[in-house]
Amino acid sequence: MLEFKNVSYSYHTKSGETAAVAGLSFRIERGRFVSVIGPSGCGKSTILSLAAGLLKPSSGEIIKGDGEFGYMLQRDALFEWRTVEQNIFLPLEIKKRNTAEMRARAVELAKKYGLGDFLKKSPSQLSGGMRQRAALIRTLAAGPEILLLDEPFSALDYQTRLEVCDDVQSIIKSEKKTALLVTHDISEAIALSDKVVVLSPRPSHVVAEHTLNFGSSPKSRRNDSRFAETFEVLRKELGI
Amino acid sequence: MKNTMNFSDEHIAYLKKLKRKKIIIFTARWVILAVILGLWELLTFYNVMDPFITSSPSRVIRTIGSLYESGELFTHVGITLGETLAGFFIAVVAGYSIAVILWSSETVRAVIEPYIVVLNSLPKIALGPLIIIWIGTDCTAIIFMTVIVAIILCIMNMLAGFLAVDPTKLTLMKAMGANRRMMLKKLVIPASMPSFMNTLKVAVGLAWIGSIMGEYIVSRAGLGYLIVYGGQIFKLDLVMTATFILCVLAGCMYGVVALIEKIVVKQF
């Protein structure tokens, strides 16, 4: 569970103050996949930083349930000098949970999701899609409850992107994790989410919320006629 | 060789072309050296150039021989090599440590920056008289000179390497809850390894500049001393010989660093 209650945040620079978020309120229930979409530069990444506690809100309140956060970024940020396996162990090392048991769990997870043959390889030997999958397993290794996804597919080419985002969504669902995805891609948000939150331009606040319950997978949802309808609605709300 | 069985003719031709290019480059390098040395020897042999002024390859070899017989060769080489290596290691270790400190605090970095800039632009040889008076005339003074010549660049290069680490990776570490120390150990140090290797290469050259410059100012032995001494008594054979030995030593030291780089960077 994660709830933003009337949250505001401003950036301070020498030349002035920029309100990135103003009066933002929304809520994510446990086990849900929620997407936040908004025009570019509307402070989407700020929302994730606030959720993760990397930034403190200027005012308002962020209520968090039990469990840790896991962060997944635009680029996979795998460390080239480590093998895939060592990359996956990184959060364990940092959180001082590098026990044989935790490592075995992480390896198990990697094997379950098709990275078994790549564990001893260098990230540079992996395709873009596999790298993003390795990054997801790394995020999951320390056992977080809520995943914060900062446009994790935007650096991939279109074909890989469709493949990887379905892939990532199904892994998150089958691991029963809560996810907060920020993206500027409307169709990605519709295909993946249980709920879509639409933001205004900066300083951002919630314009509309849509609960989506058609289609059982991203693929079936894309093929559903309601996909196009929802797309139109969201597009108008974003003012594009 | 059995692999060639599976290659197409086109690929074999391509491989041949690569190999031929490699041979040409290798041969051309040695030919240039041979031509220079050969011309130098011939022109001095027929007195087109005065060997008293320009020396000659055969005279250099004879000088090396006589230095070897008198037992001076290894004394001079040993002293200069020792000073250079000592200065090199001190500069690299201290420079790296200072760069780590500067990396870890933006405020310290901003405070120190103008000092680094001024020290970097200052011709270190200007400090010669001070070094002699403060430190003395033994090899400590020369090592000190080597260190101050090389250290500033070590600091600046390493700091640039540390600061160039991908901000996405830093954010990731921060989101995982890593402190500065962990970021340094697990991310910044390994990620800046290529910069470190580059710094070592540049520091090799600077360490030689420092030690020879130091020997010019104050010394009783060493290759720099031989060059100055040879110049003063107009014995150009000695000057050329010492210069030649310097070329070989500097080349070898660079070679060692390049070899280490090859081994280390493979993993990065």
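## Close-up views of a predicted two-chain model

**View 1. Strands 8 and 9 of chain A pair in antiparallel fashion.** Five bridges connect strand 8 of chain A, residues 195–199, with strand 9 of chain A, residues 206–211, and the two strands run antiparallel. Within this pairing, Val198(A) has Ala208(A) of strand 9 as its bridge partner. The two strands form a hairpin, with six residues between them. As in every view that follows, the model shown is a predicted one.

**View 2. A cis peptide bond joins Arg202(A) and Pro203(A).** The omega angle of this bond is about -10 degrees. Pro203(A) is placed in the loop between strand 8 and strand 9 of chain A, the strands that form the hairpin of View 1. Most peptide bonds are trans.

**View 3. Strands 1 and 2 of chain A are joined by nine bridges.** Strand 1 of chain A covers residues 2–13 and strand 2 of chain A covers residues 16–28; the nine bridges join them in an antiparallel arrangement. Thr13(A) stands opposite Gly16(A), which belongs to strand 2. The hairpin that links strand 1 to strand 2 passes through two residues.

**View 4. Lys96(A) has a positive phi.** Its phi is about 55 degrees, although Lys96(A) is not a glycine. Most residues other than glycine have a negative phi. Lys96(A) is found in the loop between helix 2 of chain A and helix 3 of chain A, the latter being residues 100–112.

**View 5. Asp76(A) and Arg131(A) form a salt bridge.** The closest N and O atoms of Asp76(A) and Arg131(A) are 2.8 Å apart. This pair links distant parts of the chain, as its two residues are 55 residues apart. Asp76(A) lies in the loop between strand 5 (69–72) and helix 2 (84–94) of chain A, whereas Arg131(A) lies in helix 4 of chain A, residues 128–141. Side chains of opposite charge can pair when their charged atoms come close. Over all chains, the structure holds 23 salt bridges.

**View 6. Domain 1 of chain A meets domain 2 of chain A.** The domain assignment of chain A gives domain 1 as 1–67 + 146–156 + 177–240 and domain 2 as 76–144. The C-alpha centres of these two domains lie 27 Å apart. Five residues of domain 1 are in contact with eight residues of domain 2. About 530 Å² is buried between the two domains, and carbon and sulfur atoms give 71% of this area. Leu147(A), Leu156(A) and Lys177(A) supply 67% of the area that domain 1 buries against domain 2, more than any other three residues. The side of domain 1 that touches domain 2 has four nonpolar residues, no polar residues and one charged residue. Zero salt bridges are found across this interface, while two residue pairs are in polar contact there.

**View 7. Chain B is in contact with chain A.** The contact involves 18 residues of chain B and 17 residues of chain A. The area buried between the two chains is about 1700 Å², of which 75% comes from carbon and sulfur atoms. In chain B, the residues that lose the most area to chain A are Leu172(B), Met176(B) and Lys186(B), together 37% of what that side buries.

**View 8. Salt bridges and polar contacts are found between chain B and chain A.** There are two salt bridges between the chains. Glu93(A) forms a salt bridge with Lys186(B), and their closest N and O atoms are 2.9 Å apart. Three residue pairs between the chains are in polar contact. On the side of chain B that touches chain A, the elements that give two or more residues are helix 8 (167–175) and helix 9 (180–191) of chain B. Helix 8 gives the most to this side, with seven residues.

**View 9. Chain B is assigned two domains.** The assignment gives domain 1 of chain B as 2–49 and domain 2 of chain B as 79–265. Taken over C-alpha atoms, the centres of these two domains are separated by 35 Å.

Key
Residues numbered from 1 in each chain as written. Chains lettered and ligands numbered in written order. Predicted model: local features only at pLDDT ≥ 70, side-chain atom pairs only at ≥ 80, totals over all residues. Heavy atoms only, no water. Domains from an automatic or database assignment. Contact = heavy atoms within 4.5 Å. Buried area = accessible area lost by both parts, 1.4 Å probe. Salt bridge = Lys/Arg side-chain N within 4 Å of Asp/Glu carboxyl O. Polar contact = N/O pair within 3.5 Å; in protein donor to acceptor, adjacent residues only side chain to side chain. Nonpolar A, V, L, I, M, F, W, Y, C, P; charged D, E, K, R; others polar. Pairing = 2+ DSSP bridges. Helix = DSSP H or I, 4+ residues; strand = E, 2+ residues; numbered from the N terminus.
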